[in-house]
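Hi,

Here is the structure I said I would pass on. Have a look at it first, and then read on for what turned up.

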Amino acid sequence: MKDDMPSSDDLTKEVHALRVELRRLNRHRFIRVHNSMPRMLAFNFARGLAVGLGTVLGASMLLSVLVWALSQIEFLPIIGEWAAEIARQMGELQ
């Protein structure tokens, strides 16, 4: 039964290894950012701006392609005219 238990030296080495790893983890940028409230708020604000800008640009590009594709459809007069009118109005805005 005593053979299964680690020795005192083994436990000391493991505790030392854990301390080294914890020290390395605490120096990591992610932990440093989240340990400071102002840094965390600034990081999340910048992240929100990037997500919002990406969403707006992506939706604008997708909608532009969709409206252009719909304006090319001429065999459905209602949809084709409607999409052509939207494309014309978007062209006037630019």
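This is a predicted model: local features need pLDDT of at least 70, side-chain atom pairs count only at pLDDT 80 or more; totals for chains, interfaces and linings use all residues.

Let me start with one side chain: Glu 85 counts as partly exposed, at 33% relative accessibility. By that I mean the middle class, where buried is under 20% relative accessible area and exposed is over 50%, with a 1.4 Å probe and protein chains only. Its partner in a salt bridge is Arg 88, and the closest N and O atoms are 2.4 Å apart. (A salt bridge here is a side-chain nitrogen of Lys or Arg within 4 Å of a carboxyl oxygen of Asp or Glu.) Arg 88 is partly exposed too, at 42%. Why can these two reach each other? Both sit in helix 4 (residues 77-93), 3 residues apart, so about one helical turn separates them.

Arg 88 also meets the side chain of Glu 92 in a salt bridge, at 2.3 Å from N to O. This pair is 4 residues apart in helix 4, again about one helical turn. Glu 92 is exposed, with a relative accessible area of 56%. Because salt bridges share partners here, Glu 85, Arg 88 and Glu 92 join into one network.

The search of the whole structure gave 3 salt bridges. One of them is in helix 1 (residues 8-26), where Arg 24 and Glu 21 lie 3 residues apart, about one helical turn. Their side chains come to 2.7 Å, N to O, and Glu 21 is partly exposed at 41% relative accessibility. As a general point, side chains of opposite charge can pair when their charged atoms come close.

Now the overall picture. The chain has 4 helices and 0 strands, in the order α-α-α-α. (Both are DSSP runs numbered from the N terminus: helices are H or I with at least four residues, strands are E with at least two.) Of its 94 residues, 6% count as buried. The accessible surface is about 8,700 Å², with 66% of that belonging to carbon and sulfur atoms; the areas come from the Shrake-Rupley method with a 1.4 Å probe, and for residues only the protein chains shown count as cover.

Residues are numbered from 1 along each chain as its sequence is written, and side-chain values use heavy atoms, leaving out hydrogens and water. The mean pLDDT (the predictor's confidence in each residue, from 0 to 100) is 83 for the chain, and 89% of the residues score at least 70. Confidence is lowest in helix 2 (residues 29-35), with a mean of 76, and highest in helix 3 (residues 37-71), at 91.

Cheers
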